[in-house]
Amino acid sequence: MKRFNLLLGVLSTMLSLLVAPLSAQETLSLLFAGDAMGHEPQFQWAYNPQTDTYDYEPNFRYVLPYIAKSDLSIVNLEVTLGGKPYSGYPTFSTPDSYKDALLNCGFDVITLANNHILDRGKRGLERTLDQLADCPNVGVYYDSLDRAKRYPLILELQGLRIALFNVTYGTNGFFPVAPNIVNYIDTAEIAADLRSIEDMHIDLKIMSIHWGDEYVVKAIPKQREMARWLADKGFDLIIGGHPHVVEDAEYLTVTRVRDNKEVIEQVPVLYSLGNFISNQRRLNTNGGIMTRIDIRRDNGAVVAVSYLPCYVHKGTITYKKDGKSITEKQFFLLPTTDYLEGKLPFKLDKEAENALRTFHQNTLERLHNLPLIK
């Protein structure tokens with residue numbers, strides 16, 4: 001994990017999108033990944049019967065360089081770490097080593113407010129929190145005292161203060177057992193959480209939100225209405241998930257008061273990053289994006305938004321290492337641009353390559369208004 005300070009509390013302050021590009025020395029980068037799923041084939045393929053362990057390292061091997069280069073990286077864990085017996089859809093419980101693999105490849109923060117966090121009930125929620133005790137996480141709490149201490153999640157990054165909020169539309173008909181708390185989309189509660197940080201110095205406020213309709217590639221009206229409300233309330237950045245596909249993105253124009261003057265600012269909204277990794281194979285579900293948000297070092301203002309399409313290859317790859325030919329069967333998360341530019345040490349079979357190309361092109365068309373990560 002990269003180094004940054006975690007603060008307990010809440011914050012506020014908003015900043016405008018600059019037109020002129022800044023140098024790398026003048027900016028910091030945040031990286032967001034979509035929904036990290038845990039379907040049954042994923043843990044079956046990760047299992048090593050000789051050691052009785054689950055190895056997820058190959059899943060993230062080829063995206064690791066992008067995560068490692070970011071100053072702060074965040075992923076949504078859309079499973080419980082509920083212990084044995086492990087299970088996939090519809091009630092997820094994934095081996096603990098899945099979480100370890102996410103942290104080992106460089107993720108700093110895990111969001112938890114999603115529709116699967118109660119799949120194993122109270123025990124699953126609390127065991128998930130226990131397993132993440134040493135990792136900053138947000139969206140789910142043991143009780144009201146825990147929430148009051150840790151929400152919003154306040155991160156200090158090289159002198160900048162970032163407040164991360166996290167809510168979900170629901171939990172598949174399950175409800176938290178008292179005193180456990182899951183953050184739901186509740187405008188009154190979100191407004192109260194914002195008021196609680198008004199006197200604190202915050203450079204960037206981010207909402208990570210689980211919303212929308214599954215498999216719909218354009219944000220629905222309810223998402224757009226909620227995004228507008230969040231932007232008007234003062235959020236600087238809105239990152240969405242849940243639909244299992246990449247949705248469109250836009251900038252919302254807001255008018256705010258800075259130093260007693262009205263200024264026009266732009267709030268980036270990425271409606272859905274799609275699946276980070278999963279066993280879903282239908283069109284548009286077999287991948288997602290990681291998005292990089294560049295912010296100013298001096299005040300935290302968002303200055304650039306870019307993204308990287310990542311295709312999930314389910315199958316084998318063969319490559320050379322130390323003069324030997326190695327074949328592996330796993331779920332591999334592949335940056336599509338790296339593959340298409342010949343930067344990865346293997347070639348996919350024709351069917352898989354065509355699927356990657358289709359996913360890549362569809363994603364580029366949907367996010368035509370954003371540049372690729374370079």
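**Cores, helices and cysteines**

Modeller: Let's begin with L270: leaving aside its neighbours within four places in sequence, L270 is in contact (heavy atoms within 4.5 Å) with I238, I239, G240, D248, A249, I289, T291, I293, V305 and L370. Bear in mind that this is a predicted model, where local features need pLDDT of at least 70, side-chain atom pairs count only at pLDDT 80 or more, and totals for chains, interfaces and linings use all residues. Residues are numbered from 1 along each chain as its sequence is written, and side-chain values use heavy atoms, with hydrogens and water left out.

Colleague: Which residues touch the most other members of the largest nonpolar core?

Modeller: In soluble globular proteins, nonpolar side chains tend to be buried together. A nonpolar core is a set of buried Ala, Val, Leu, Ile, Met, Phe, Trp, Tyr and Cys residues joined through side-chain atoms within 4.5 Å. Buried means under 20% relative accessible area, exposed over 50%, and partly exposed in between, using a 1.4 Å probe and protein chains only. Here the largest core has 54 residues, and L30, F32, I162, L270, I293 and I295 touch the most other members. Strand β10 (residues 160-168) gives the largest share of this core, 6 residues. There's also a second, separate core of 41 residues, including V79, L118, L125 and M290.

Colleague: At what angle do helix α7 and helix α8 pack?

Modeller: Helices (H or I, at least four residues) and strands (E, at least two) are DSSP runs, numbered from the N terminus. Axes are lines fitted to C-alpha atoms, for helices over the stretch in contact, and angles run from 0 to 180 degrees between N-to-C directions. Helix α7 (residues 187-195) and helix α8 (residues 221-233) pack at about 20 degrees, with axes 11 Å apart. From α7, T187, I190, A191 and L194 make the contact, and from α8, M226, W229, L230 and K233.

Colleague: And D193, is that buried or exposed?

Modeller: D193, in helix α7, is buried, with a relative accessible area of 10%.

Colleague: How many disulfides are there?

Modeller: A disulfide is a pair of cysteine sulfur atoms within 2.5 Å. Searching the whole structure finds 0. For C105, the nearest cysteine sulfur, that of C310, is 11 Å away.
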